[in-house]
Amino acid sequence: MPRNIGVGTSLVHTDDPYANDHVAPPISVTSTYKAAENEGSLLDWDPENPSVHLYSRYSQNVTTRVEKVIGALHDGHAITYASGLAAVYSALVHLKPKRIAITEAYHGVFQAIKVYQQSRDVEVSLIGLDAEYQEGDAAWLETPLNPTGEAKDIKYYADKIHAVGGKLVVDATFAPPPLQNPLKWGADIVLHSATKYLGGHSDLLSGVLVVPTSEEWKKLWENRTFFGNTMGSLEAWLLLRSLRTLHLRVSRQSQTATALAAWLNQLASIPNGQTLDGVPAGVLFRVHHASLQEKTTFDPATQLTGGYGATFAILLSNPAQARSFPHRLQYWIAATSLGGVESLIEYRKRTDPRCDPRLLRLSVGVEDLEDLKSDIRNALNAVADLKDDA
């Protein structure tokens, strides 16, 4: 496949060499494959480019196709897992860090680190991402951040960890290509919860790691084979289907979210006693989004070259308003997760006790901007008079 083709063409055609006469790939449910009489020795069998399949824990056609498409999207080598947290754990095992530099991240990552720590005879300590690094460290950077959607400087942390011979993992779940490509900025491993934007339809669980070289991919593949944390066949098929429209979905979601964040930011600045666009002052307190963050040392637009992320956070004036708000909406679904075609909103403290009780996480779908704004406008008015009952 030519390397200078567009993103959309790549998403649809990168896996053509692994296709057969089906326009849409069939769902493969077999666990094992019939051996050919004269297939010869399998000692040189290449799991990244399999000419035959042996057993579905090793490889299967649709999974290979998914990995080819995601790898090409990053100009790297992608390997899939049963979930995002399975990919997290696999990255830790691969790196074997003595210390992990991590500050802000999805709360499930910290739980996965605890599980990893239990498997080690030596202590694996945590330090802050901005602490001083030393040999044996790995840095774990989530950008854009969950739940605020604000961005961190990948190149800065890549240079910092590489100076001591360490590796940088970038959790880029909130901004997949075409929004950003962390490998371009020095990441050693890119992580995605493919359940989110790569899947994009709230109907599968999957995780992905992307590395720069085939040699690293093969090490990860060997670990995955004997961990047994392989993505299921149906999930592989659903993910391949979803990848065909990734550029269309994510670009639309990014544009809508950026416009929505700008509008909400205006509402958060309404002078007391006044209204703006039908919303009274004193309901919306603050908006977090990469397009709104300070640019004194780092401009997120230089890294998010394809647009800002479509998941971000707002704070209402009190916890009572925040708890009620998701249930006053028509088009936004009150649910955890993000990245689907439908807009989701979550009272984040429900699943992450670290969060401010006024915070709501918004995952913008592919609905029309004006309809989402109208829905929010109505809900803000509905909760305006609620007082904090904490």
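Tutor: Two strands pair if DSSP finds at least two bridges between them. Keep in mind that this model is predicted.

Student: Thanks! In what order do the seven strands of the open sheet come?

Tutor: Reading across, the order is β1-β7-β6-β5-β4-β2-β3, and the pairing is mixed. At the edges sit β1 (77-81) and β3 (125-127), each of which pairs on one side only. From one strand to the next, the twist averages 25 degrees.

Student: How many bridges join β6 to β7?

Tutor: Strand β6 (residues 189-193) and strand β7 (residues 207-211) run antiparallel and are joined by four bridges.

Student: Which strands does helix α6 touch?

Tutor: Helix α6 (residues 214-227) packs on the sheet and touches β1 and β7. The direction of α6 makes about 15 degrees with that of β1.

Student: How should I read the buried residues of a helix, such as α11?

Tutor: Start with the general idea: an α-helix has 3.6 residues a turn, so residues three or four places apart point the same way. Now look at α11 (residues 369-383), where the buried residues include L372, D375, I376, A379, L380 and V383. The buried residues of α11 pack against α8 (246-267), β9 (279-280), β11 (311-316), α10 (319-324) and β14 (359-363).

Student: And which helix gives the largest share of the lining of the largest pocket?

Tutor: Rolling a probe the size of a water molecule over the atoms shows where empty space is left. Here the largest pocket holds about 790 Å³ of space. Among its 31 lining residues, S10, G71, A72, L73 and D75 are the closest to its centre. The largest share of the lining, six residues, comes from α2.

Methods. Residues are numbered from 1 along each chain as its sequence is written. This is a predicted model: local features need pLDDT of at least 70, side-chain atom pairs count only at pLDDT 80 or more; totals for chains, interfaces and linings use all residues. Side-chain values use heavy atoms; hydrogens and water are left out. Helices (H or I, at least four residues) and strands (E, at least two) are DSSP runs, numbered from the N terminus. Axes are lines fitted to C-alpha atoms, for helices over the stretch in contact, and angles run from 0 to 180 degrees between N-to-C directions. Contact means heavy atoms within 4.5 Å. The expected span of a helix is 1.5 Å times one less than its number of residues. Buried means under 20% relative accessible area, exposed over 50%, partly exposed in between (1.4 Å probe, protein chains only). On a 1 Å grid over the protein atoms alone, a cavity is a set of points where a 1.4 Å probe fits but cannot get out, and a pocket is an open set with protein on both sides within 12 Å along at least five of seven lines; lining residues have an atom within 4 Å of a point. Grid points are joined across faces, edges and corners, and a volume is the space filled by probe spheres set on the points.
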